[in-house]
Amino acid sequence: MHLDLWTLALQAINLAVLLALLRWLLYKPLMAVIDKRQQRIAEALAAAASTQQQAEQARQALAKEHAAIETRREAALNEARQQAETERLALLASAKAAIQAEQADARKHIGEERQQAGQTLMTEASSMAVDLATRLIESSPTPLGDTDFIDGLLKHLNATPTQDRQRWLGDTRPTPVTLVSASTPSDATLHKVSEQLNSALGAPVALRAETRPSLLRGAELHFEHGVLSQSWSAELAAARADMQQASP
C-alpha cells in the first residue's frame, strides 16, 4: 500500500479545520448551553435549599409556637385546677361553717328549751309545793299561833335601831299603825302591842287591827313608810322565789 504524504497532509489539514469549525460552531454553544443549564440547576438547588431552610425555620417556629401554646394551655389548666380546688375548699369550709352554725344554733335552741322546760318544771313544782304547804297549813293545826308571830314582830321592832324605826314613821300624830293578822287578835294582844309600840317609837300610836286570812299564820305591822312582816305566806312566797331562782 502506497501512502501519499500530500494527501495525508491535506486530510490532516481538513480534519484540523473540521475540528476547529466544530469547536467554534458546536462545542462552545453546547458548553454555553450546558453551563447555563448547570447554572439554572444550581440556582434551582439553591432556591430549593433556601425554601427548605425557610420551611425548616417555619417548622421550628411552628414547633416553638405549639410548645408555647401547650405551655400556656398547661398553665391555664393548672390555674383552673387550682382555682377549682380553692373554690371547692372554700365551699367545703363554708358548708362546714354553716353546718357548725346550725348545730350550734340547734344546741343553743335545745339548751334554751331544756332550760325553759326545767324552769317551767321547777316553777310548777315550787308552785305545787307551796300550794300543798298552804293547804296543809290551812287544814292542819299548827303549834304556832298569830300571837307567836306578833311577839316575834315586837322583838324585831325592839331590835331595830332607833334611826331605822324613825324612818318608818310619818308626820301624822298620833302615829297610825295597822296590825294585820291571819285571825282576829284579842283585846289583850292589841293592848300589849300598843304599849310596846308606844315605848319603842317614843310617840303615841293609833293602833288599828285588820284581819287577812291569806297570811295563813302570822302578822304584819304597817307603818306609814314601812312594813314588818312575819307570816307563813311570806315564808312560802320567799321559798317559791328561791326555788325559781335556783332552777337551771
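A salt bridge is taken here as a side-chain nitrogen of Lys or Arg within 4 Å of a carboxyl oxygen of Asp or Glu. The model is predicted, with local features needing pLDDT of at least 70 and side-chain atom pairs counting only at pLDDT 80 or more, while totals for chains, interfaces and linings use all residues. Residues are numbered from 1 along each chain as its sequence is written, and side-chain values use heavy atoms, with hydrogens and water left out.

The structure holds nine salt bridges, and this tour stops at some of them.

Select Arg 88 and Glu 85 to begin: they form a salt bridge whose closest N and O atoms are 2.4 Å apart. Both residues lie in helix 1, three residues apart, about one turn of the helix (helices are DSSP runs of H or I with at least four residues, numbered from the N terminus). Arg 88 is partly exposed at 40% relative accessible area, and Glu 85 is likewise partly exposed, at 33% (partly exposed lies between buried, under 20% relative accessible area, and exposed, over 50%, with a 1.4 Å probe and protein chains only).

Next, select Arg 59 and Glu 56, a salt bridge with its closest N and O atoms 2.3 Å apart. These two are three residues apart in helix 1, which spans residues 5-139, and are thus separated by about one helical turn. Arg 59 has a relative accessible area of 48%, and Glu 56 has 32%.

Finally, select Arg 208, Glu 210, Arg 212 and Glu 220, which are linked in a network of salt bridges. Within this selection, Arg 212 pairs with Glu 210, the closest N and O atoms being 3.2 Å apart; Arg 212 is partly exposed at 29% relative accessibility, and Glu 210 is partly exposed at 27%.
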